[in-house]
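User: I have a chain open and would like a short walk through it. Can we go topic by topic?

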Amino acid sequence: PETVISADVFGIICESPADTENIGQYLETVGMDIDYISPMIYPSHYANSSKKTMGNGVGQKINGVHFTHPDLQPYEVVYHSLLKVKEKISAVPEYKAKVRPYLQDFTAKYLPEGYYQEYGPEQIRQQIKAVYDAGYEEWILWSGKNIYTKSALLPQE
C-alpha cells in the first residue's frame, strides 16, 4: 500500500518572505515530494493593528488586501490566503502536493478586546466557503482544546 505524506506549514509563509526565512518553511519546495500541504490559515494568527498580542500596530497584508482585524474577517482572510497559495504554487513546475488547509475552530481570547470574535458555526461556514470559492475541495478544522463546532457542518435552516 502507498503511504500518503503531508506537511503542515504556517499560513504566513504564503505571504511574507521575511517569515518564510525566519521560520524556514518554503511553500514552493516543501510540496514537491509529498502528497498534501496543509497551511494553517487561522485568521487570529495574522498580525492585527493592535500594539498588543499578535499586533504590530499596522495589521497584515494578504494577497494585496490590508487587514487590521483579521480574526473578524474569516472568509476574506482564508480566501485571500488561498489565492496567494494558488498563485505561488502554480508558478512551480511539477508541484506535487494538493492543498488541504487547516481552518480555525477556536476563539482567540488571547487577542485584545475588539480584535477577536467568538468562533461558532457561522465563522466556520465562512472559512469553508472560502476554501471552495478559492478553488479547493478539502480542509481540516483545528482546535487546540480538541472541541469542534459540529453544527457548522449541518445544513443551514
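User: What are the ground rules here?

Analyst: This is a predicted model, in which local features need pLDDT of at least 70 and side-chain atom pairs count only at pLDDT 80 or more, while totals for chains, interfaces and linings use all residues. Residues are numbered from 1 along each chain as its sequence is written, and side-chain values use heavy atoms, with hydrogens and water left out.

User: OK. How many helices and strands does the protein chain have?

Analyst: It has four helices and seven strands. Helices (H or I, at least four residues) and strands (E, at least two) are DSSP runs, numbered from the N terminus. Along the sequence the pattern reads β-α-α-β-β-β-α-β-β-α-β.

User: And what is the radius of gyration of the protein chain?

Analyst: The protein chain has 15 Å, which agrees with the value near 15 Å for a compact globule with 157 residues. That radius is taken over C-alpha atoms, and the globule rule is 2.2 Å times the number of residues to the power 0.38. The C-alpha atoms fill a box of roughly 45 × 40 × 25 Å along the principal axes.

User: What share of the residues is buried?

Analyst: Buried residues make up 46% of the 157. Buried means under 20% relative accessible area, exposed over 50%, and partly exposed in between (1.4 Å probe, protein chains only).

User: Which residues touch the most other members of the largest nonpolar core?

Analyst: Leu27, Leu82 and Tyr136 do, in a core of 30 residues. Two or more residues each come from β1 (6–10), β2, α3 and α4, and α3 gives the largest share, five residues. A nonpolar core is a set of buried Ala, Val, Leu, Ile, Met, Phe, Trp, Tyr and Cys residues joined through side-chain atoms within 4.5 Å.

User: What does leucine 82 touch?

Analyst: Not counting residues up to four places away in sequence, leucine 82 touches Ile41, Val99, Pro101, Ala130, Val131, Ala134 and Tyr136. Contact means heavy atoms within 4.5 Å. There is also a second, separate core of six residues, including Tyr102, Phe106, Ala108 and Tyr115.

User: Back to α3. How many residues does it have, and how far does it reach?

Analyst: Helix α3 (residues 74–90) has 17 residues and reaches 24 Å from its first C-alpha to its last, close to the expected 24 Å. The expected span is 1.5 Å times one less than the number of residues. Its buried residues include Val78, Leu82, Val85 and Ile89. An α-helix has 3.6 residues a turn, so residues three or four places apart point the same way.

User: Is valine 131 buried or exposed?

Analyst: Buried, at a relative accessible area of 0%. Valine 131 sits in helix α4 (residues 121–133), and its contacts beyond four places in sequence include Val78, Leu82, Pro101 and Trp139. The C-alpha atoms of valine 131 and proline 101 are 8.0 Å apart, although the two are 30 residues apart along the chain.

User: New topic, glutamine 25. Where is it?

Analyst: Glutamine 25 is in the loop between α1 (17–23) and α2 (27–30), and is buried at 19%. A polar atom of its side chain lies 2.8 Å from the backbone nitrogen of phenylalanine 10.

User: Last one: what is the phi of methionine 54?

Analyst: It is near 60°, a positive value in a residue other than glycine. Most residues other than glycine have a negative phi. Methionine 54 lies in the loop between β2 (36–41) and β3 (60–62) and is partly exposed at 34%. Asparagine 63 also has a positive phi, about 55°, and is found in the loop between β3 and β4 (65–67).

Key. A polar contact is a pair of N or O atoms within 3.5 Å; within protein, one must be able to donate a hydrogen and the other to accept it, and residues adjacent in sequence count only if both atoms are side-chain atoms.
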